[in-house]
Amino acid sequence: MRAITCENTISRRSSDLQRDPTPQPRAGVRAVAAIVLLMSAGWGCADAAASGARATEPAASIRIVATDGVYEAPHRVAAGLRHIVFENHGTHQHEAMLVKLPEGMTPEAYFAAVRGGSTFPEGALDYSGAGLTAPGESVEIWLRVDPGNYMVVCWNGKHATARLAHRLTVVADGTPDDPAPKEDVVLRLADYHFELDRAIEKGLRVIRVETPGPSMHEVDVFRMRGDASIADLERWYEEEDHARPHTRPTPADGMGGMSDSHDIHRVGWMRRNFAPGRYVFTCHLPLPRAGKDGPKLSHADAGMIKEVIVAP
Ligand SMILES: [Cu+2]
């Protein structure tokens, strides 16, 4: 997620910095309800980490659990390539994106800048993360984190400001990189289409995600229900958890994905089970608008939406 949404929602956003150095205003930046919740978690255990011995053991996997209220996740993570297991125990779809905040910037300040129209609050950096994941689903991802202060964000609906944000500190403590998994398939997030180097076979599969540039991209993976169409998916995507009643059946379930990184040269990996069926890959980052009254279009509108069949 997340790009273009309804009013009264702080939403994602990322314009293509590579193509358009002028950040685009995010849609609907007015509302902000319970931002207070963002402050519930501290910055974690940087002091303890700094004073402790250097780690030489491999890190355990980082488990991030989303509920509809908070994230359950560590507040301290070792720098390097990390294996993250993201589970959604909530009743809405959630994601877990890492945003690195510059020294002195709080989540409140970050979201205040977003409300003020900044697509990328100055100094903050997207560090990828797990894409939109349906209730009861999980996804594994591998991404590289650098030392600093981060927050975990869900951009679905109003979640970014109303519910979910979790602070964590990344510390360079010498912990070795987690080993990258061996990929089954390579997915290139090109301008503006998805390139898979081979078919995805059923079963537990690793997708290596590359972004050849020049634009930033992300991928969300949806498993389609019944004979739902891509048009059904796109309509629902705009409605999902925007506190509007769903007038039609849910067409798809989020199966995770990988959100955008400030550094497109960083490779990521995602692993999940692919049951046979029909999937749709999307990138909903916004295209730069043609003037302030120009239409709100996303990368999906430009071609980054692809049906992928996993054979029986
Ligand atoms: Cu894209």
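Helices (at least four residues) and strands (at least two) are DSSP runs, numbered from the N terminus.

**Figure 1. Here is the whole chain of this predicted model.** With the definition above in hand, you can look for four helices and 17 strands in the protein chain. Of the 312 residues, 41% are buried.

**Figure 2. Eight strands line up in an open sheet.** Which strands are the edge strands? They are β2 (71-72) and β11 (193-196), and each pairs on one side only. For a parallel example, find strand β10 (residues 185-190) beside strand β12 (residues 203-210), where four bridges connect the two. Within this pair, Leu 187 has Val 209 of β12 as its bridge partner. As a reminder, strands of a sheet pair through backbone hydrogen bonds, either parallel or antiparallel.

**Figure 3. Strand β5 (residues 94-101) is largely enclosed by the rest of the structure.** Why can we say that β5 is largely enclosed? Because seven of its eight residues are buried. Strand β5 pairs with strand β6 (residues 125-133) in the antiparallel sense, over five bridges. Look here for Val 99, whose bridge partner in β6 is Asp 126. Strand β5 also pairs with strand β8 (residues 148-153), again antiparallel and over five bridges. In this pairing, Met 97 has Val 153 of β8 as its bridge partner.

**Figure 4. Val 139 sits in strand β7 (residues 138-145).** Is Val 139 buried or exposed? Count the other C-beta atoms within 10 Å and you reach 25; a residue is buried at 20 or more, so Val 139 is buried. Leaving aside neighbours within four places in sequence, Val 139 is in contact with Phe 86, Ala 130, Thr 133, Met 255, Gly 256, Met 270 and Arg 272. Take a look at Arg 271 too: this residue is 132 residues away from Val 139 along the chain, yet their C-alpha atoms are separated by 6.2 Å.

**Figure 5. The largest nonpolar core has 57 residues.** Which residues have the most contacts inside this core? They are Ala 96, Val 99, Ile 141 and Val 152. Zoom in on Ile 141 and, not counting residues up to four places away in sequence, you will find that Ile 141 touches Ile 84, Phe 86, Ala 130, Met 258, Gly 268, Trp 269 and Met 270.

Notes:
Residues numbered from 1 in each chain as written. Predicted model: local features only at pLDDT ≥ 70, side-chain atom pairs only at ≥ 80, totals over all residues. Buried ≥ 20, exposed ≤ 12 C-beta atoms within 10 Å, placed from the backbone. Contact = placed C-beta atoms within 7 Å. Pairing = 2+ DSSP bridges. Core = buried A, V, L, I, M, F, W, Y, C linked by C-beta atoms within 7 Å.
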